[in-house]
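Work through the exercises below with the structure open. Each task is followed by a stepwise solution.

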Protein chains: 2
Amino acid sequence: MPSKRKSKKTRQVELTEKIEKEPFVTDEELSDHFGVSIQTIRLDRLELGIPELRERIKKVAQKNYSKVISLRETEIVGELIDLNLNESGISILETTIDLAFKKTKVIKGHHIFSMAESLAMAVINAKVALTGVANMKYRVPVLLGQKLVAKAEVVNQRGNKYFVHVKIYVKTEQVFRGKFILVSIGEE
Amino acid sequence: MPSKRKSKKTRQVELTEKIEKEPFVTDEELSDHFGVSIQTIRLDRLELGIPELRERIKKVAQKNYSKVISLRETEIVGELIDLNLNESGISILETTIDLAFKKTKVIKGHHIFSMAESLAMAVINAKVALTGVANMKYRVPVLLGQKLVAKAEVVNQRGNKYFVHVKIYVKTEQVFRGKFILVSIGEE
DNA sequence: CTTAATATTAGTATCAGGTACTAATTTCAG
DNA sequence: CTGAAATTAGTACCTGATACTAATATTAAG
């Protein structure tokens, strides 16, 4: 007869899932939920290498805090690895689960777009640049785990308008191309 | 002679700013930084109504945790207010400071793009849709505070390919148009 | 049934980063 | 010089833990 109380293994699997889903749960709540003592929960966490509540909260906070910074402060998606102002630039982006559709593992289009747009803006030597017009094509879907390399070239400049072409590759295959017209904004 | 140590008022202003910028700082670090005792820091926080470190971390975590959910779970940017599957859809988006360049108050292009893309996907009656090709134009910059109305129309369907036009307006002025080709993905 | 191994529970000391409170000391302005 | 404001000190207590020891319960095997 299987005991009412679940086996250690089952409990640990469920515990992992539960904490994954609800990172803000305390050991005490877990102990209630699984009907075991708090010490058992702690032994489980120890065995499974799951950090304590406060550490989990901190992780969530820091992860998203830095994400906010990387999107809002630096305003560039991906890592800038080469830059010749007003000429060209290269950035790379390791695609993570964050950027993909959960079911298909296909990277969402707007992240690819953001990568291209932010690189285009980075190569322009102006305090603030604004996407005026973008004409773009996605060619093949990008899958989770693929490393994206974006190359931007300034092809023309007229007054405060810059024409920038951005191509994104996975290895040698082009997965995206876009033409950006960026307008630099004065200090007024 | 102005004293080396800043006045209470100055300290409290700087303290507020510092915690605003670095929410992960402890009272002890603050006490070092300002050259006052830890008790003074605590009195300051009490007077200013600034919660303790752990509460601050929790807030950051919860705020961003829910943001992540709203972006990853619902997977639609803006609020869907009308939907005729495989025909048309309308969504609205109130532009907030989050979406804008801090200096110019111009809404970043990729948010507008995301709004259009996600609406285009929403109107397709398929489990998962993927942006295959998008051809788009930004027409006028969108400013912080303007309400965006996106209208999507399915103009054609061939097999698993859907052709969707999305136009985004501020009041009666069109600010964006895009043609999306979406490909529905099977269950395999 | 007994025994050994495994799993669980109990209990204690300790920690970080605080709150809440009381009291002493320092600073400064009038 | 004096009194109010500001600062510092110190204590007890809180939560959600870790780290560790020890006792008890459960289970599986012989």
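Angles under 35 degrees count as roughly parallel, over 145 as roughly antiparallel, 65 to 115 as roughly perpendicular, and the rest as oblique. Axes are lines fitted to C-alpha atoms, for helices over the stretch in contact, and angles run from 0 to 180 degrees between N-to-C directions. Helices are DSSP runs (H or I, at least four residues), numbered from the N terminus.

The model is predicted: local features need pLDDT of at least 70, side-chain atom pairs count only at pLDDT 80 or more, and totals for chains, interfaces and linings use all residues. Residues are numbered from 1 along each chain as its sequence is written, while chains are lettered from A and ligands numbered from 1 in the order in which they are written.

**Exercise 1.** Describe how H5(A) and H5(B) cross.

Step 1. Take helix H5 (residues 109-123) of chain A and helix H5 (residues 109-123) of chain B; their axes come within 10 Å and cross at roughly 160°.
Step 2. The two helices, H5(A) and H5(B), are therefore roughly antiparallel.
Step 3. List the contact, where C-beta atoms placed from the backbone lie within 7 Å. H5(A) brings Gly109(A), His110(A), Phe113(A), Ser114(A) and Glu117(A). H5(B) brings Gly109(B), His110(B), Phe113(B), Ser114(B) and Glu117(B).
Step 4. Sort by class: two nonpolar, six polar and two charged residues. Here Ala, Val, Leu, Ile, Met, Phe, Trp, Tyr, Cys and Pro are nonpolar, Asp, Glu, Lys and Arg charged, and the others, Gly among them, polar.

**Exercise 2.** At what angle do the axes of H2 and H3 of chain B cross?

Step 1. The axes of H2(B) (residues 27-34) and H3(B) come within 8 Å and cross at roughly 110°.
Step 2. That makes H2(B) roughly perpendicular to H3(B).
Step 3. H2(B) makes the contact through Asp27(B), Glu28(B), Leu30(B) and Ser31(B), and H3(B) through Ile38(B), Ile41(B) and Arg42(B).
Step 4. These divide into three nonpolar, one polar and three charged.

**Exercise 3.** Which residues lie closest to each DNA strand?

Step 1. A residue is near a strand if its C-beta atom, placed from the backbone, lies within 6 Å of it.
Step 2. Around DNA strand D there are 14 residues, the closest being Asp27(A), Glu52(A), Leu53(A), Val36(B) and Thr40(B).
Step 3. H3(B) gives the most to that surface, three residues.
Step 4. DNA strand C is surrounded by 13 residues; Val36(A), Thr40(A), Thr26(B), Glu52(B) and Leu53(B) are the closest.
Step 5. H3(A) gives the most to the surface near DNA strand C, with three residues.

Notes. Contact = placed C-beta atoms within 7 Å.
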